[in-house]
Amino acid sequence: MITAGIIIAEAAAIYDGKKAVQSQSYGPESRGGASKAEVIISDEDIDYPKATAIDAMLALTQEACTKYYKDIKSGGLLLIDSDEVKKVPTGDFKICSFPIISTARDVLGKEIVANIISLGLITEITRIVSHEAIEKAVLSRVPAAFLELNKKALHIGFEKGAALSPIS
Amino acid sequence: MANNKKRFMQGNEACTEGALYAGCRFYAGYPITPSTEVMEICAARLPKMGGVFIQMEDEIASICAIAGAALGGLKSMTATSGPGFSLMQEGLGFACMAEVPCVVVNVMRSGPSTGFPTGPSQSDVMQAKWGTHGDHPAIVLTPASVEEIFHETVRAFNLSELYRTPVIILYDEIIGHMREAITIPGPGEVEIVERRVPSCAPSEYKPYDVQGGEIAPLASYGEGYRFHVTGLYHAADGFPTNNTKLIEEACHRLLRKIDDNKERIWKNEEYYLEDAEIGIFAYGVSARSAKFAVRELRKKGIKAGLLRPLTIWPFPDRAVEEMAGRVKAIVVPEMNMGQIVYEVERVAHGKCEVKGIFRVDTEPIRPAQIMDCITGNGSKPPAPNSKMAEMMVERDMLDG
Amino acid sequence: MSTPAEDVKPLAKKKKKVPFNYSPYVRGGKLPHIWCPGCGHGIVLKCLLRALHTTEISKDDIAMVSGIGCSSRTPGYVDFNTLHTLHGRALAYATGLKMAKPKLKVIVTTGDGDALAIGGNHFIHACRRNLDMTILVYNNSIYGMTSGQSSPTTPQGKISTTGRYGNIEPTFDTCSLAQAAGATFVARGTAYHFQELEKVIFEAMMHKGTSVVDVIDACPTYYGRFNKYKTPTEMMEKIEKEGTVSVKQADKLLPEELQGKLLRGVLYKSDRPEYCEEYNKLVIAVQAK
């Protein structure tokens with residue numbers, strides 16, 4: 001998931017010419033436990049590097065959703081995996097839901113591309129980075145043998161994102 | 001690696017890039033969160049450049065190995081975090097005493113002890129100055145962004161060669177793990193200082209003969225200059241001495257070589273400081289929050305300004321003194337229980353009020369905390385959870 | 001790959017007895033040394049210089065690195081590239097130096113406390129890496145510099161200032177430790193058997209890889225005084241002469257006759273890849289990609 005954060009920030013900073021900062025939080029050790037990637041994208045210099053009022057949040061697990069949804073700002077977006085997050089929080093924000101992990105597994109045969117599908121969804125829904133930028137950023141970070149797979153995953157995200165309407 | 005191309009990079013990676021750009025060709029280290037990426041990238045990059053990478057058995061061995069390599073003629077570096085930095089203190093002292101140029105990176109995490117390994121802090125800023133025993137000089141740099149880590153790492157190598165001393169780069173976990181865009185300069189675009197080597201005949205070489213100056217040229221082992229290096233107090237020829245006059249002079253010179261050159265070692269950023277009525281003194285990630293706060297405060301009509309040291313040691317006395325003479329109060333936000341605030345207080349010397357904002361819950365100090373402290377919103381900054389932090393913040397640090 | 005332990009082979013026969021000239025190797029004005037009368041360290045130094053002379057390695061290409069302690073003062077007296085470092089850390093400095101300048105012949109002079117107690121971790125890892133360097137452990141079973149405390153080689157029952165009622169701790173066997181940790185040349189000598197010592201040091205220096213020589217040596221000032229040895233000579237005879245047996249002689253002795261005696265000579269030799277060469281191979285392979 002942190003990789004997805006890096007990719008979207010890189011899309012903004014390198015390919016869209018914006019300012020971007022990506023940071024992350026881990027549990028007490030750097031392996032295992034919940035982790036969080038934070039991305040700030042702006043037209044201006046970014047000083048404070050952490051996300052305090054979140055415009056868009058992606059949660060692939062119930063634990064992450066429950067732990068972090070409170071920071072979503074009024075009118076913001078919460079994107080959840082419909083299979084994983086059953087207790088859907090309520091608040092002054094839009095919620096979109098899609099079976100991200102199972103699509104990665106069942107349609108593309110690789111659970112690991114769930115984060116790339118997520119990037120497609122977020123890009124399509126928020127337009128925070130351009131489609132071209134996110135594609136370039138994704139493809140620059142994956143090994144040659146997996147280019148097609150990741151491209152497919154990203155485009156599934158684009159398509160499904162376009163068809164998705166908020167559940168609340 | 002293509003230079004002059006914008007890349008999106010982690011702070012720890014930028015540190016390695018800076019080191020290699022500066023000519024570092026030896027890395028010895030031991031894995032420790034949150035500095036390990038520096039080591040991993042060195043392990044990948046150095047062999048390709050014909051440099052040496054070695055994973056040592058602990059941090060003590062690491063700092064000793066880089067000093068050994070430096071005496072063999074290579075620019076060398078190690079990177080670590082709190083527990084490892086504690087282990088390195090004796091080796092740092094040796095490098096100060098023997099005047100061995102090398103660079104030590106400390107990516108600060110929460111402590112004491114194992115603390116919270118992935119949690120950031122700024123609590124080693126005093127240790128970086130005073131960690132090793134005995135009177136000794138210290139050059140400590142505090143970058144605050146990915147791009148700055150690159151440039152400060154280059155500067156660290158330059159200063160270590162110029163002054164024949166270990167240089168410490170101190171940044172917190174947030175800056176170390178954060179990613180930002182950075183453009184690596186092309187070769188020759190940034191000045192690189194090479195070691196001053198002796199020009200005299202080997203038989204005349206004395207490794208500590210400063211000849212009226214403060215820094216002697218340094219030969220490498222194996223080049224015909226068969227000299228002696230020791231951690232004992234030594235005379236100009238490098239051999240131990242128990243002559244009290246020589247010992248005193250050696251200690252004075254060690255400190256003087258940094259003190260007399262501090263104008264050249266200092267580096268500050270001033271942000272809206274010219275007409276500021278409230279000064280903020282902040283380094284590392286806290287300075288980023290402070291910058292944000294300054295802009296927000298200015299919008300509200302409050303004349304706040306920031307003094308941000310990139311060289312925290314030697315302490316920027318003059319800049320702080322000047323600021324203290326102009327502002328009503330100086331606010332010092334830091335992710336510890338109060339360290340640099342006391343230096344600011346010492347230098348301000350009663351000219352203005354000095355207030356600290358401390359935070360140790362591994363979250364960065366938020367801009368709102370700084371703004372609240374300045375606007376007097378309850379005069380209590382909201383974030384520090386602990387009673388102790390609140391007490392310390394509330395305590396007026398000066399009577400006047 | 002190990003070969004059976006073998007006895008020391010004599011060096012090329014000298015034609016006539018010419019007194020050895022130490023002066024090219026000794027730094028002018030740095031003597032007298034700090035070692036006490038009766039201390040064996042001076043004998044070890046002589047053997048070391050003679051062995052070095054035989055190797056014909058240029059003084060410019062020799063680096064001598066030490067830690068802290070009586071033995072660690074050796075580099076200050078000799079005209080090489082010399083580095084006197086921190087207690088226990090000589091091997092870490094030596095590792096950095098050797099990797100930075102592989103052409104240097106690196107010799108580490110250390111003591112039982114320096115190498116096996118405070119520097120024990122560096123000792124085993126240096127042996128494991130098998131860098132081409134020679135480690136001479138001046139083993140006098142006590143901390144001399146700090147006036148006679150127990151060390152990892154103080155025999156059980158012996159007296160020291162920190163073992164006033166007799167040391168109860170078991171000892172390290174330097175050679176077994178070195179071999180188990182991966183050193184590829186392991187030998188023992190004594191200051192008493194100085195001719196043998198010169199030969200094993202020479203062999204150690206000619207060996208490619210980490211070579212360890214455990215040099216049994218006497219500290220009459222502390223160990224001797226505390227443990228009722230009347231003279232330095234008596235100490236050398238009891239500890240170094242009677243307390244050791246050469247590997248050649250050992251073959252002829254019964255196990256009970258070997259009880260409590262340390263073996264002298266080359267105890268172990270193998271040819272494992274040397275670290276600097278392995279690193280160099282890695283660099284070439286990586287750069288070729």
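Reader: What makes the meeting of the side chains of A:Asp47 and B:Arg295 a salt bridge?

Author: The distance between the side chains of A:Asp47 and B:Arg295 is 2.7 Å, N to O. A salt bridge needs a side-chain nitrogen of Lys or Arg within 4 Å of a carboxyl oxygen of Asp or Glu. The pair therefore counts as a salt bridge. This is a predicted model, where local features need pLDDT of at least 70, side-chain atom pairs count only at pLDDT 80 or more, and totals for chains, interfaces and linings use all residues. Side-chain values use heavy atoms, without hydrogens and water.

Reader: How many salt bridges does the rule find across the interface of chain B and chain A?

Author: The rule finds one.

Reader: What area is buried between chain B and chain A?

Author: About 2,000 Å². Buried area is the accessible area (1.4 Å probe) that two parts lose on being put together, summed over both. Carbon and sulfur atoms give 57% of the area between chain B and chain A. The contact (heavy atoms within 4.5 Å) takes 25 residues from chain B and 24 residues from chain A.

Reader: How do you know that no contact joins chain A and chain C?

Author: Their closest C-alpha atoms lie 17 Å apart, and no contact joins the two chains. Two pairs of chains are in contact, and chains B and C share the most contacts.

Reader: Why are H4(A) and H5(A) called roughly antiparallel?

Author: The axes of helix H4 (residues 114-126) and H5(A) cross at roughly 165° and come within 10 Å. Axes are lines fitted to C-alpha atoms, for helices over the stretch in contact, with angles from 0 to 180 degrees between N-to-C directions. Angles under 35 degrees count as roughly parallel, over 145 as roughly antiparallel, 65 to 115 as roughly perpendicular and the rest as oblique. H4(A) and H5(A) are therefore roughly antiparallel.

Reader: Which residues meet there, in H4(A) and H5(A)?

Author: A:Ile116, A:Leu119, A:Thr123 and A:Glu124 in H4(A) face contacts with A:His131, A:Ile134 and A:Val138 in H5(A). By class, four are nonpolar, two polar and one charged.

Reader: Which residues of H1(A) meet H5(A)?

Author: Among them are A:Ile6, A:Ala11 and A:Tyr15. On the H5(A) side, the residues include A:Ile134 and A:Val138.

Technical notes
Residues are numbered from 1 along each chain as its sequence is written. Chains are lettered from A and ligands numbered from 1 in the order in which they are written. Helices (H or I, at least four residues) and strands (E, at least two) are DSSP runs, numbered from the N terminus. Ala, Val, Leu, Ile, Met, Phe, Trp, Tyr, Cys and Pro count as nonpolar, Asp, Glu, Lys and Arg as charged, and the others, Gly among them, as polar.
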